[in-house]
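Work through the exercises below with the sequence and the structure side by side. Each task is followed by its solution.

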Amino acid sequence: MGTFYLSEPYCFVRKESERLKIYKDRTLIREVRVQEYSRFFIHESSTLTTDALMLLAEKGIDVVYFSGNRMIGRFVGPENKNVRLRIAQVKAHLSEEKSLHIARNLVLAKLKNTRTSLQRFARRRELELDPVILFLKQSMDHALRAKDLDELRGIEGMAAKRYFEAFPMLIQQSDFSFEGRSRRPAKDPVNALLNYGYALLKAELTGALQAAGLDPYIGYLHRERYGRESLALDLMEEFRCIMVDNLVVKMVNQGVVKRKDFHDDVGESRLKEHARKRFLQEFDRRRKDEVFHQLLQRKMSYREIFHKQAILLAKFIKGEADDYYPFLAK
C-alpha cells in the first residue's frame with residue numbers, strides 16, 4: 001500500500017462508503033479507495049470531514065498534514081498496544097551503553113551510505129571527491145571508537161559538514177547555488193528541496209516506527225526534546241543520502257525543477273505549488289524503487305525497507321535479535 005498525496009489546496013474531502021471523494025470549488029476532482037493506501041499526506045488548506053477521518057482511523061491509516069515544506073501534525077488511529085515493547089524501548093533509551101550501541105550503528109550506516117553515494121558520483125562524473133570520501137572513512141573508524149554519545153554526535157556532525165562542503169560539486173546546473181545547509185529558513189532552492197525531502201522521509205519513517213509498535217519520540221542518537229520525533233530522526237540517518245540528497249541532485253541536474261520553480265517568502269526559499277507536486281511524484285517513485293536488501297537477501301522497495309528496518313530495530317530492542325543491522329546501500 002502506498003501514500004496518497006493531496007497537494008491541491010482548498011479541497012473538501014468527505015466519506016462515501018469505503019471511498020473518499022475529493023471536491024474543489026464544489027466539483028468532484030478525485031475518488032480514492034482508502035484500502036489502497038497506508039498513509040494520507042495533506043498539503044495546505046484542505047478539509048476532511050469527521051466521517052472521513054474516522055474511516056481512515058478505523059483502517060489504521062495515518063493522516064499527515066504539511067504546511068509548505070514542513071510537516072505540522074498527524075492524525076493517527078488507536079495507539080499500538082504493545083506495552084512490553086514500549087517499556088523495552090524506554091529501558092534501552094535510559095541505558096547509555098545500549099543507546100550508544102544503537103546510535104553508533106545508525107551513524108556508521110549513514111557514513112557508509114553517504115560514502116558509497118559519493119564514490120558512485122566520483123566514478124560516473126569523474127569528480128575529485130577523494131578527500132571527503134577519505135574523511136568519511138576515517139569518521140567511520142572514529143565512530144567505532146567513540147566512548148559516548150556526545151563524541152559520536154561530534155564525529156557525525158563533522159562528517160556532515162565535510163559532506164555538505166563537497167555537495168556543490170554534485171550540482172551541475174549553474175543557476176542553482178548551494179552555500180551550506182540551512183534548515184529554517186532555507187536560504188536557497190537546494191536547501192528548500194532538501195528540507196522538504198527530509199520532512200517527507202521523517203513522516204514515512206514515523207509511520208513505519210508506529211506500525212512496528214515503537215514510540216517515534218524516544219530516540220537514541222537524538223535524545224528527548226519536547227515535540228521532537230527523535231527515533232524517526234535516528235532512523236532517517238541511514239536513508240538521508242540515498243532517499244533525499246540523491247533525489248534532489250537528480251531533479252536539479254536533469255532540469256525536473258528549475259530556478260523559476262521557487263519564490264522568496266520573507267527570506268525563505270520556497271517551492272511553488274506545481275513544483276511541489278512534481279517533487280512529490282518523484283519522491284513517490286523513489287519510494288517504489290526496488291533495491292537489494294543484503295541482510296534479508298531479496299529485492300524490495302524502499303517503502304517496504306522502511307517498515308522492515310523499523311521491525312528489525314524493535315526486535316533488537318526487545319532482545320529478539322542479536323543486533324540492529326541498518327540498511328546499507330550497495
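**Exercise 1.** Find the bridge partner of Val13 in S3.

Solution. Start with the elements: strands are DSSP runs of E with at least two residues, helices runs of H or I with at least four, numbered from the N terminus. S2 covers residues 12–16 and S3 residues 19–24. They pair in the antiparallel sense over five bridges; pairing requires at least two DSSP bridges between two strands. Within S3, Ile22 is the bridge partner of Val13. Two residues separate the strands of this hairpin, and Ser17 in the turn has a positive phi of about 55°.

The model is predicted: local features need pLDDT of at least 70, side-chain atom pairs count only at pLDDT 80 or more, and totals for chains, interfaces and linings use all residues. Residues are numbered from 1 along each chain as its sequence is written, and side-chain values use heavy atoms, leaving out hydrogens and water.

**Exercise 2.** Which strand does S2 join through two bridges, and in which sense do they run?

Solution. The strand is S6, residues 47–48, and the two run parallel. Look next at Phe12: its bridge partner in S6 is Thr47.

**Exercise 3.** Give the strand order of the open sheet of four strands, then explain why S1 and S8 stand at its edges.

Solution. The order is S1-S5-S7-S8, with mixed pairing. S1 (2–6) and S8 (70–75) each have a single partner strand, so one side of each lacks a neighbour in the sheet. Inside the order, S5 (residues 37–43) and S7 (residues 62–67) pair in the parallel sense over five bridges. Phe41 stands opposite Val64 in S7.
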